[in-house]
Amino acid sequence: MPNQMSVSNYLKPRTLDEAVSLLAGSDAQILSGGTDFYPALGEKLPQGTIVDVSALRELRGISISADHIRIGGLTTWTEVIRAPLPRCFDALKAAAREVGSVQIQNRGTVAGNLCNASPAADGVPPLLVLDAVVELISAAGRRQMPLAEFIVGNRKTLRRPDEVLSGILVPRTAEDASSVFLKLGARRYLVISISMVAALIRRDDVQSNHAGRIAEACVAVGSCSASARRLGDLEKSLVGLPCAPGIGEAVTKAHLSPLSPIDDVRATAQYRRDASLVLVRRALEACVGQR
Ligand SMILES: Cc1cc2nc3c(=O)[nH]c(=O)nc-3n(C[C@H](O)[C@H](O)[C@H](O)COP(=O)(O)OP(=O)(O)OC[C@H]3O[C@@H](n4cnc5c(N)ncnc54)[C@H](O)[C@@H]3O)c2cc1C
């Protein structure tokens, strides 16, 4: 095909240093699991320089330190599902099981999901409720920022072209919290969501058998705005309420006002609003139902 160039330059560095020096000052694209990268090409062949980061051992694995749990930049969804993680990660694990199929989960990375920044990225709401921070590395140095600031719109992030997302850091402040992820699509499997919700609830008396009260609540909704959003007013209004069945009744339509759903082939904006209200209520009920 005369108008289709083949890849001019496919590079597969073995170290992070090598990768960031290849990216410095270039317009190279990063390739990881390829599960968003290749479908986005459609019928076209890849063009320009591609830096395949999949051999960078420094980015592999999940590790635990005193302050945070670190999800390396090459961690796949399958690795998240299999890792022994505190219960506050249950929502992220549930989301991981919803990403495409097992084959996609084996190849696709959490970092790729965040960098691709689809409004329907399943990884975003559960990481937002965990107050996750992303770490970016370039030849110029290392910087961190909250995930809530990193994704700025539909497929838009604050990542500079020369930066690799090297890890995702989750502070170890709510490990005993219960967390839930619910996704609604037009069918049960292999589906892009119409709405999805992650909720996390920390009780004030985790050690006792009493239900107690809500010490902290975090709720995020995806697929209903350009990027997934936390529902701050709802979160504040839940603190201090009994951690007991019926909590869903505390959620009103007004609490969903940060959302700005659109009409598209999957659902109308109104359906998305209605469905999100139901999902948020169900997610909170499921959280308080967990002991
Ligand atoms: C059949 C199918 C079903 C799918 N189902 C779902 C689903 O249900 N839910 C869902 O959320 N997603 C789904 N996806 C999308 C995709 O699988 C995920 O978003 C996956 O996590 C992407 O990771 P990746 O490693 O494959 O990223 P890649 O495709 O390699 O890269 C995606 C983007 O991120 C950039 N990038 C990747 N890694 C880095 C890094 N470390 N640093 C900087 N930039 C980077 C790339 O340059 C590219 O722009 C599906 C995809 C397919 C093909």
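The charged end of Arg 188 lies over the ring of Tyr 189, at 5.0 Å from the ring centre; a charge sits over a ring if NZ of Lys or CZ of Arg is within 6 Å of the ring centre and within 35 degrees of the ring normal. The model is predicted, local features need pLDDT of at least 70, side-chain atom pairs count only at pLDDT 80 or more, and totals for chains, interfaces and linings use all residues. Residues are numbered from 1 along each chain as its sequence is written, and side-chain values use heavy atoms, with hydrogens and water left out.

A search of the whole structure gives 1 aromatic pair. The ring centres of Phe 37 and Tyr 38 are 5.2 Å apart with planes at 80°, so the pair is edge-to-face (rings of Phe, Tyr and Trp, the last by its six-membered ring, pair if their centres lie within 6.5 Å; planes under 30 degrees apart are stacked, over 60 edge-to-face, the rest tilted). The table uses relative accessible area (buried under 20%, exposed over 50%, partly exposed in between; 1.4 Å probe, protein chains only).

| Residue | Relative accessible area | Class |
|---|---|---|
| Phe 37 | 16% | buried |
| Tyr 38 | 42% | partly exposed |

Within the largest nonpolar core, which has 42 residues, Phe 89, Leu 114, Leu 127, Leu 147 and Phe 150 touch the most other members. A second, separate core of 24 residues includes Val 180 and Cys 287. Such a core is a set of buried Ala, Val, Leu, Ile, Met, Phe, Trp, Tyr and Cys residues joined through side-chain atoms within 4.5 Å.
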